Amino acid sequence: MKLLVLGGSVFLSRAAAAAALARGHDVTCANRGLTGTVPPGAHVVRFDRSEGFPAGLRDFDAVIDVARHPSRVQAAVEALPEAHWVFVSSISVYADEATPGQTTAAATVEPRFDDVDLKVDPSAYGPMKVACEQLVAEGAGSAALVRPGLIVGPGDPTGRFTYWPVRLGRAAGSPAVLAPGEPGDLVQAIDVRDLGEWLVELAETRTAGTFDATSPALPLAGVLAQLATGCGAEPDWTWVPQDFLRAHGVAPWAGPGSLPLWVPRPELGGLLAHDPAASLAAGLRLRPFADTARDTLGWVRATPGAAVAGLTAAEEDALLDAWRKTRS
């Protein structure tokens with residue numbers, strides 16, 4: 001298969017390119033060359049998608065695209081309408097973020113077809129992805145629209161999940177670990193390597209349809225236990241309810257002062273609890289979270305400057321002290 005990966009140098013698109021090369025495909029990665037490197041063995045084409053789609057990029061069996069700008073997706077689809085498209089969208093396309101167990105039949109937000117700077121308006125991400133989905137569905141001969149949940153694993157530039165392997169990696173010296181919310185809160189994620197492999201399989205088989213690409217929703221306590229196992233830790237979990245976290249300014253999801261894997265409930269109770277049955281039936285295979293945690297911790301330790309979001313050790317200690325005082 002002649003495969004075009006639009007990107008190929010960072011996280012998911014790189015994982016997809018690497019998986020395709022390992023499966024013996026002829027892979028071309030097209031990007032600006034400003035971040036990261038493509039996997040060894042891939043052909044490289046340099047171009048900036050904001051300046052249009054180059055005439056020389058033609059004759060591919062399949063395309064994997066992770067873009068979010070509708071104008072760039074439209075130009076690429078118009079240039080390669082005969083290829084099978086595997087477009088990576090997001091669970092951010094859904095209008096209802098509160099209800100657990102939703103499928104791809106759930107309503108999406110209204111599309112936004114203009115290219116928006118997310119630094120100016122972060123809320124445009126979901127609407128732009130919906131627009132991109134529509135452009136692919138209408139312009140490509142066949143397409144798989146893949147809506148991942150939280151993507152995790154080695155190479156993650158966001159640090160959203162990486163916080164936990166790093167925290168558990170130092171649990172021997174600081175075994176009291178703050179766990180956010182309730183043990184039964186549902187969460188889900190997908191290892192970037194599993195998702196990249198599956199994107200290539202969708203391209204190989206020219207599978208069409210819309211899919212939520214993530215693990216089954218599991219209780220947070222069970223996921224954290226798997227992460228601890230992968231990191232060789234035996235933490236003393238201290239569960240702190242979300243009202244306390246909110247009152248003390250802890251942010252959900254990602255970023256400074258946050259606790260990754262925690263989202264406010266009930267308003268975001270469906271964000272990490274989608275139904276992936278259709279994806280699993282279409283061949284998605286998932287490794288244990290313990291393996292992802294082990295490999296992520298190894299990557300962080302071997303990679304100076306690897307992104308790690310979340311609370312600092314001092315912030316976590318202060319929160320635990322404050323919580324204990326409320327219990328005494």
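## Helix axes and the model

The axis of a helix is a line fitted to its C-alpha atoms over the stretch in contact, and the angle between two axes runs from 0 to 180 degrees between N-to-C directions. Two packed helices are described by this angle and by the distance between the axes. The structure discussed here is a predicted model.

## Helices α1 and α5

Helix α1, residues 11-22, packs against helix α5, residues 192-205, at an angle of about 55 degrees, and their axes are 8 Å apart. The two helices are therefore oblique to each other, and the crossing in which α1 passes α5 is right-handed.

On the side of α1, the contact is made by F11, L12, A15, A16, A19 and A20, while α5 contributes V192, L195, G196, E197, L199 and V200. Sorted by class, this contact of α1 with α5 has 10 nonpolar residues, one polar residue and one charged residue.

## Helices α6 and α9

A second pair consists of helix α6, residues 220-230, and helix α9, residues 289-302, which pack at an angle of about 50 degrees with their axes 7 Å apart. This angle makes α6 oblique to α9. The crossing of α6 and α9 is right-handed.

Here V223, Q226, L227 and G230 of α6 meet F289, A290, A293 and R294 of α9. The classes in the contact of α6 with α9 are five nonpolar, two polar and one charged.

## Helices α2 and α3

Helix α2 (residues 70-79) and helix α3 (residues 125-139) pack at an angle of about 10 degrees, and the distance between their axes is 9 Å. Angles under 35 degrees count as roughly parallel, which makes α2 roughly parallel to α3.

The residues of α2 in this contact are P70, V73, Q74 and V77, and those of α3 are M128, A131, C132, L135, V136 and G139. Eight residues of the contact of α2 with α3 are nonpolar, two are polar and none is charged.

## The seven-stranded sheet

Seven strands form an open sheet with parallel pairing, in the order β3-β2-β1-β4-β5-β6-β11. The edge strands, β3 (43-46) and β11 (209-213), each pair on one side only. On average, neighbouring strands of this sheet are turned by 20 degrees against each other, direction ignored.

At one edge of the sheet, β11 pairs with strand β6, residues 142-148, in the parallel sense over five bridges. L145 stands opposite T210 in β11.

## An aromatic pair

Five aromatic pairs are found in a search of the whole structure. One of them is formed by W164 and W237; this pair is tilted, with 6.3 Å from centre to centre and 55 degrees between the planes. W164 lies in helix α4 (residues 163-169) and W237 in strand β13 (residues 236-240), so the pair ties together parts that are 73 residues apart in sequence.

Most residues other than glycine have a negative phi, and most peptide bonds are trans.

D59 has a positive phi, near 65 degrees, in a residue other than glycine. The loop that holds D59 runs between β3 and β4 (62-65). The peptide bond from R265 to P266 is cis, and its omega is near 15 degrees. P266 is placed in the loop between β15 (258-259) and α8 (277-281).

Technical notes
Residues are numbered from 1 along each chain as its sequence is written. This is a predicted model: local features need pLDDT of at least 70, side-chain atom pairs count only at pLDDT 80 or more; totals for chains, interfaces and linings use all residues. Side-chain values use heavy atoms; hydrogens and water are left out. Two strands pair if DSSP finds at least two bridges between them. Helices (H or I, at least four residues) and strands (E, at least two) are DSSP runs, numbered from the N terminus. Angles under 35 degrees count as roughly parallel, over 145 as roughly antiparallel, 65 to 115 as roughly perpendicular and the rest as oblique. A crossing is left-handed if the near helix is turned anticlockwise from the far one by less than a right angle, and right-handed if clockwise. Contact means heavy atoms within 4.5 Å. Ala, Val, Leu, Ile, Met, Phe, Trp, Tyr, Cys and Pro count as nonpolar, Asp, Glu, Lys and Arg as charged, and the others, Gly among them, as polar. Rings of Phe, Tyr and Trp (its six-membered ring) pair if their centres lie within 6.5 Å; planes under 30 degrees apart count as stacked, over 60 as edge-to-face and the rest as tilted.
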